Every structure is written in C-alpha cells, then in structure tokens.
Amino acid sequence: MTLVVDEVTKHFIARGQEVAALSPVSMTIETGEFVAFVGPSGCGKSTLLNMIAGIFQPTSGQILHDGTAVLGANRQVGYMTQMDSLLPWRTVEQNVLLPLQIQGQSRGESAERADALLRMVNLAKFKNHFPLELSGGMRKRAALAQLLVYDPGTLLMDEPFGALDAQLKLVMQGELLKIWEDTGKTVVFVTHDLTEAISLAQRVIVFTGQPGAIKHESRIELGRGRDVFKVRFAPEFHDYYETLWAELAPEIHKGEEL
Amino acid sequence: MSLKSDPLDGADERPNFKTAAVLAYEAQASRRRLVLRVLQVLFGVAMIGFWQVASGTLVDPFFISSPADVIETLRRWVIDGTLATHLWITLYATFSGFGIGALVGFTLGFLFGRWDAIATIFDPYVTALYCLPKIALAPLFIMWFGIGIESKIAMSAVIVFFLVFLNTFGGVRDVSQIYINAVRIMGANEWQLLRVVILPSAAAWVLTGLKVSVPYALIGAVVGEFMSSNRGIGFLIAQASGIYDTAAVFAGLVVLAIAGASISAVLKRVETHVLRWRG
C-alpha cells in the first residue's frame, strides 16, 4: 500500500480570507513504513492526514493510495485522532464490532475477532461497559482495538496519545510499536512531541509553520525491535533530537511572532 | 464504582463484586429513596386532607367541591361507563395527534437538520408558524374537520409537531462531526450513518421533545373538546361547568392529571433505558 502525496496544497476560506494551510507537499510512504509528521500547530500536518483519509479534498495536487486517487472517504485506512471517537451510546464491544458491522460481516466471525482484539488490549472484562464508564487510557485501548479490528493496511494517527499522562503514553506507544512490528502495517503518525516521533518512527518529517511545507526529513536508524522505554537513552537518540530540534525550533518561534 | 482508577494494569483482575462498603452505601441510598417516597405520599395526603377540611369551613363547596364528592363522582363515572367512554375518546385523540405530530415533526426536523439549504429556505416560515398561538387554530380546525374527533387530533398534532420538530432539528444539528467522520472512514453509507450515529446521538433531544409534548398532546385534545364536541373528558368538564357541577369539573381534571402523569412516567422509563449510556 504505497502512499503517494503529489504536489498537494490546501487552502481554506474562513471569515472572508483565504488561508493557505499547506503549500505544495510531495512524499512517498512505502508499505510497512512508520512515518511521523512533526511541526508547529497550524502547519497543516493534520490537514494532510485528513486528506489522506479522504475527509476532504486537496485544493490542488493528488493523493494516490496504492495507485488509486483518494477521492472520498478512504476505506483502506484506519484513523485515530486525539479526540475520542468511540460512540458513547455503544458498549466497548459494540464499538469494536462497528467497523465489521458496517462492512456487513457475519456476526459470529465478527464477535470472535472483536473478542480476540479486546483480549489483546486487555479489555475483555470491560466489553459491556460504555465508554463513559472507562478511564482515558482504557478508552484509547478500546479505540485501538476498533482501529485494528477490520485490519486496515494503513493506520493514520493524529496525536492519538496526546491527551494521556506521560506514563500511559509510554505504555500505549509500546503497544503501538509491537502491533506495527507484528502486523507490518503502514503507520502515519502526527505529533508535536519530538521524543515520541523519534521513539516510534523510521522516518520523521518536519513541517514548516503555516503554510506548511516539508522542511526536513530524518531517517531514524534505531532498529525495528526498539523499546520505547529505553530507546530515549541511546546516544544516537540525542543526535537525532538535536538535528530535528534545530530544524523545528525556528518554525515554532515563527508561529509565536504572528 | 472505582473503574476510573488504575487504568494501567490488572484490568483483568479488577474485582467487580460488592464489598461491605458498597452494600452499606446502597442500603443508605435505598433508605433515602424510601424516606423521600413516604414524604411524597404524605404531601399528597395532607393536601387532600386540607382540601376536605377547608371545603365547607373556609370556602364554600360550591367553588371547590370536596375530595369526597369528587371521589363519589368518579365512582359514579366508573360504574356507569362514562369514564371509559370519554377517557377513551380523549386518549384516542391524544395518541393519534401525538403519533401524527411526532412522526411529521421528526421527519421534517431530521431533513432540516441534515440539509442546510432546506433549513435556510423554510426557516422564516416555520418560525412564523411556531409563533402563532396554537389555540387560535382551533376554530379553523373545527371548520375544516368538523366537531368530531378529527379536529381534536389535528389540534393535538400541531402542538406536538413543533415541539418534536424543534428538538429533532436541534439534535441532528448537534451530532459531533468527529463521530460522523470516524464512521465514514469505516465505510458507512448514508443510511448506516443515520442509523449508527445520527439517530442515537439525536435520541436524547428527540426523547426530550417527545416527553415534553405528551402533556401538550393531551392539552391539544382537551382544548379541542372544550371548543366544541359531544364526547371526551374536555367535553365532560365543559358540560359540568355549564351546570355548576364543581365536583364533576374536579373529577375531570383529576382524570386528566392522572392520565398525563401516567403517560409521562412510561416515557421517562423509556428515556432512562435508551439513554443508559450516559452513565
């Protein structure tokens, strides 16, 4: 599932003004790759992710997913945002079953698959609870199970762990890495946390401030089987951090001056 | 109760049984409910008692009758079938009006909420109609539908329509875009989106609209009966007041109050069940 972003721009019209969110951006994300986008707020990284998901269309340019242009909601991706998107009126199990139900899969098989995923994220005992009865971390794990249940080839994640506390974030990052290693899915991960980006990704793409453009790219050679708890103490980690921070910092200050 | 703590590990081992503290807490809560229930009943008994005592001592029974006379009238109505005949007519008009008004209100509310263009085009007209006192429409309905039950159904339906319409409209507008996008990406079509996201999300609003409109449906039917009719509880009350039979007027009012409260209680149960996810 190669993902090709070809000269994509996005302009919004808001309050009588045209705002350029994204200047022409091009990139190719290979199947099975873990890519992180970092950049200051408003740099268009979430906008690009939304366009890959097909939630809205680029103003110009095109996005090819596996050779086909993304023109409507992209059904080959799973999308996870910082916001809770579990439906509050459905139990955890009903939420995890939802994607399969929508695809019209048989009940028995779906239930088995949902059960397996709920066990994987350690929520089997809570399958009959409603999301509002769970803690933030449990809701994230439920969302992860829902994301994986229909086995999309590509996972788009927009600051998925942003709202979690530091420890829980590490745990979830660890789980995500393990899932990625086990399944070989393509992951596009948006964050503004450099440490998170370096710990997880194979490639970190730095965006400029608004209008967003690609400023810098680093390959992170820390190996596939890395341990999120320890990788940040590796000497190479600091080199990556310094390089990326040097690229990112001026963009953040630019935003402050506006 | 402690689901929200310790989310990291041991999720599987977390005990779900009731400890002594939970039992004590529940016992206290149920005692409290009992006390409140008793006070509730006492208040009713006291009010009726006061009414009985005041009648003939403080106020002339001609104006306020008395609980004993009202009960006597009700007993008579039950025995000779008056109550069943007239209550049936009123409830029939209420529910028919409620059903029609709710269905049309829900459908239009949904369309208006889902399609901005429709809402923009029709908004001033709907607002203008909404501002009309519905009772002013009663003479018109009697001209159109006659003095039979149809005009009462129409009256009731119009009142219910606006309440359900406005609530459904609000509810559909209120659906979070996050849920819509999430379900779209899972591949949902319009119909699935409606069934999985929009209806359940709007349910709270729609149910509120339905709940609020039940008493109004009853009011609509009774107002219609007041205006002109030969059957129904409204007719009974109007007729009784014509001959200064205060006991019968109060008996009619008591029947309406009980009918309204019973229907509301049922709807409250439905609401609690449908919205149990709100915790």
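Reader: How many Å apart do the C-alpha centres of domain 1 of chain B and domain 2 of chain B lie?

Author: This is a predicted model, in which local features need pLDDT of at least 70, side-chain atom pairs count only at pLDDT 80 or more, and totals for chains, interfaces and linings use all residues; side-chain values use heavy atoms, with hydrogens and water left out. Residues are numbered from 1 along each chain as its sequence is written, while chains are lettered from A and ligands numbered from 1 in the order in which they are written. The domain assignment of chain B gives domain 1 (20–54) and domain 2 (63–278), with bounds from an automatic or database assignment. The C-alpha centres of these two domains are separated by 31 Å.

Reader: How many residues does the contact take from domain 2 of chain B?

Author: Contact means heavy atoms within 4.5 Å. Domain 1 of chain B gives 4 residues to the contact, and domain 2 of chain B gives 7 residues.

Reader: What area do domain 1 of chain B and domain 2 of chain B bury between them?

Author: Buried area is the accessible area (1.4 Å probe) that two parts lose on being put together, summed over both. Carbon and sulfur atoms hold 74% of what these domains bury, and the total is about 460 Å².

Reader: Is B:Ser201 buried or exposed?

Author: B:Ser201 sits in helix 9 (residues 190–227) of chain B. Leaving aside residues up to four places away in sequence, B:Ser201 touches A:Trp89 and B:Val175. Buried means under 20% relative accessible area, exposed over 50%, and partly exposed in between (1.4 Å probe, protein chains only). At a relative accessible area of 13%, B:Ser201 is therefore buried.

Reader: Which three residues supply 24% of the area that chain A buries against chain B?

Author: Chain A and chain B bury about 2,900 Å² between them, 68% of it on carbon and sulfur atoms. On the chain A side, 24% of the buried area, more than from any other three residues, comes from A:Arg75, A:Trp89 and A:Ile102.

Reader: How many salt bridges are there between chain A and chain B?

Author: A salt bridge is a side-chain nitrogen of Lys or Arg within 4 Å of a carboxyl oxygen of Asp or Glu. Between chain A and chain B the count of salt bridges is 0.

Reader: Which elements give two or more residues to the side of chain A that touches chain B?

Author: Helices (H or I, at least four residues) and strands (E, at least two) are DSSP runs, numbered from the N terminus. In chain A the elements are strand 6 (77–81), helix 2 (92–102), helix 4 (136–149) and helix 5 (166–183).
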